[in-house]
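Good morning, and thank you for the time. Please have the model in view as I speak.

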Amino acid sequence: PGYGEAYILLSRAYLALDDSGAALETLLDGQRELPDDPDICELLVRVLRDAGEDELALENLDIGLTRNPNHVPLLSLAGLYLFEDGQEEDAKNYLARAEAIAPRDPTLLRSRALIARMLGDEN
């Protein structure tokens, strides 16, 4: 694994042990060392969002997309989070960009499935 993957693997191990604080600390260290790594950013955004730090998660997502505008997992997260926030047109734009790049990306497929489930729950 690369240097960035080490931070991600360690963070996921902490998450598996239900230690989100250690996972967050590891990801923040990784972000300091590798500020342009989109995979570290993606997991950091997810951990922050799970911790209820929505504003900080969105700030990091915006930074990640600025540095990596074609990273499908970040585009997929942006689409999902915007959809959850009721900004459906903006969400569609991010999801369409992600689909144009990698239509079978697992993160995109998960985001689409969650959105479909949310739409199903509304009916």
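This is a predicted model: local features need pLDDT of at least 70, side-chain atom pairs count only at pLDDT 80 or more; totals for chains, interfaces and linings use all residues.

Which residues of H1 are buried? They are Gly 4, Tyr 7, Ile 8 and Ser 11. These four lie on the same side of H1, because they cover an arc of only 95° around the axis. As a general point, an α-helix has 3.6 residues a turn, so residues three or four places apart point the same way.

What covers the buried residues of H1? The cover includes helix H2, residues 20-33, and helix H3, residues 38-50.

As for its dimensions, H1 runs over residues 3-16, a total of 14 residues. From first C-alpha to last, H1 reaches 20 Å, close to the 20 Å expected at 1.5 Å a residue. Just after H1, Asp 18 takes a positive phi of about 65°.

I turn now to the largest pocket, whose volume is about 230 Å³. Its lining is made up of 13 residues, and those nearest the centre are Leu 58, Leu 61, Ala 78, Tyr 81 and Leu 82. Two elements give two or more residues to this lining: helix H4, residues 54-67, and helix H5, residues 72-84. The largest share, five residues, comes from H4.

Which classes of residue form the lining of the largest pocket? Seven are nonpolar, one is polar and five are charged.

Thank you; I am glad to take comments.

Definitions and conventions: Residues are numbered from 1 along each chain as its sequence is written. Side-chain values use heavy atoms; hydrogens and water are left out. On a 1 Å grid over the protein atoms alone, a cavity is a set of points where a 1.4 Å probe fits but cannot get out, and a pocket is an open set with protein on both sides within 12 Å along at least five of seven lines; lining residues have an atom within 4 Å of a point. Grid points are joined across faces, edges and corners, and a volume is the space filled by probe spheres set on the points. Ala, Val, Leu, Ile, Met, Phe, Trp, Tyr, Cys and Pro count as nonpolar, Asp, Glu, Lys and Arg as charged, and the others, Gly among them, as polar. The expected span of a helix is 1.5 Å times one less than its number of residues. Buried means under 20% relative accessible area, exposed over 50%, partly exposed in between (1.4 Å probe, protein chains only). The arc is that of the directions from the helix axis to the C-beta atoms. Contact means heavy atoms within 4.5 Å.
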